[in-house]
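Student: Could we walk through this structure together, one question at a time?

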Amino acid sequence: DSAYPDHPAPEWEPAPPASKSHLLIALFPDAAVQAAIEAHRKGWLWPEGHYFPRNDRMHLTLHCLADQTSPVEQRLREVLAQIPVQPMELVLDSSRTWDHIAVAQPAEHAGLRALQQHIGHAVRQLGIPTDRRRVTPHITIAREAASAAYPMRMPPIIWRATKFLLIRSFTKPFFKHEVLASYEAKEYAYV
């Protein structure tokens with residue numbers, strides 16, 4: 001538990017499976033949000049040995065799954081295409097460290113929770129296991145950052161999320177994301 005009630009400890013951080021690749025279903029911030037996160041990081045005091053994820057790899061994980069065979073992956077793509085996507089106006093409004101990572105967190109958003117739940121239900125219908133614990137939404141903004149000092153306040157960063165992606169994430173021999181599918185909102189009335 002956190003000593004600061006307005007900065008709760010994560011309820012669960014999805015751990016990638018131990019294999020060299022896994023699947024992520026995630027929201028990826030656009031270039032403007034990435035630039036705002038970069039600007040926010042400049043207000044931190046970073047320990048020696050920290051590093052920042054590349055901007056194009058920053059994401060908010062909705063679900064992390066074991067890699068799947070080609071037929072199951074194809075069915076997963078089809079099932080995800082049936083999930084209605086509502087554009088969301090998320091507000092990244094707090095940041096902190098969790099163990100060895102530094103994160104930016106959005107304010108609670110019912111649409112984000114609903115999307116996460118709809119995706120989880122659809123994935124489980126295919127027989128792919130998901131962790132049902134409540135995930136604390138976040139974007140990892142630095143690694144090896146356990147002793148980093150973060151600003152008391154984070155200027156709000158408005159993020160207009162209009163799609164989620166299915167990604168194959170490779171962790172060995174090097175980090176790489178391969179976009180498998182993109183699922184966009186049909187309408188642009190933000191919730």
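This is a predicted model: local features need pLDDT of at least 70, side-chain atom pairs count only at pLDDT 80 or more; totals for chains, interfaces and linings use all residues.

Student: How far apart are the closest N and O atoms of Arg168 and Glu73?

Tutor: Side chains of opposite charge can pair when their charged atoms come close. Arg168 sits in strand S7 and Glu73 in helix H2, 95 residues apart, so the pair links distant parts of the chain. The two form a salt bridge, and their closest N and O atoms are separated by 2.4 Å.

Student: Which residues are linked with Arg168 in a network of salt bridges?

Tutor: One link joins the side chains of Arg168 and Asp67, at 2.9 Å from N to O. Asp67 lies in the loop between S2 and helix H2, while Arg168 belongs to strand S7, so this pair ties together parts that are 101 residues apart in sequence. Along with Arg168, the network holds Asp67, Glu73 and Arg77.

Student: Is Asp67 buried, partly exposed or exposed?

Tutor: Buried means under 20% relative accessible area and exposed means over 50%. The relative accessible area of Asp67 is 26%, so Asp67 is partly exposed.

Student: How many residues of strand S1 are buried?

Tutor: Ser21, Leu23, Ile25 and Leu27 point one way from S1, and His22, Leu24 and Ala26 point the other way; all are buried. S1 is therefore largely enclosed by the rest of the structure. The count is seven of the seven.

Student: Which residue in S2 is the bridge partner of Leu24?

Tutor: S1 and strand S2 run antiparallel and are joined by six bridges. In S2, Leu24 is partnered by Cys64.

Student: Which strands do the buried residues of helix H1 pack against?

Tutor: The buried residues of H1 are Val33, Gln34, Ile37, His40 and Arg41. They are on the same side of H1 because they cover an arc of only 120 degrees around the axis. On the other side, Ala31 and Ala32 are exposed. The buried ones pack against S3, S5 and S6.

Student: What is the relative accessible area of Leu92?

Tutor: Leu92 is in strand S3. Among the residues that Leu92 touches are Val33, Ile37, Ile139 and Trp159. Leu92 is buried, and its relative accessible area is 0%.

Key:
Residues are numbered from 1 along each chain as its sequence is written. Side-chain values use heavy atoms; hydrogens and water are left out. Helices (H or I, at least four residues) and strands (E, at least two) are DSSP runs, numbered from the N terminus. Buried means under 20% relative accessible area, exposed over 50%, partly exposed in between (1.4 Å probe, protein chains only). Contact means heavy atoms within 4.5 Å. The arc is that of the directions from the helix axis to the C-beta atoms. Two strands pair if DSSP finds at least two bridges between them. A salt bridge is a side-chain nitrogen of Lys or Arg within 4 Å of a carboxyl oxygen of Asp or Glu. Lists of a residue's contacts leave out its neighbours within four places in sequence.
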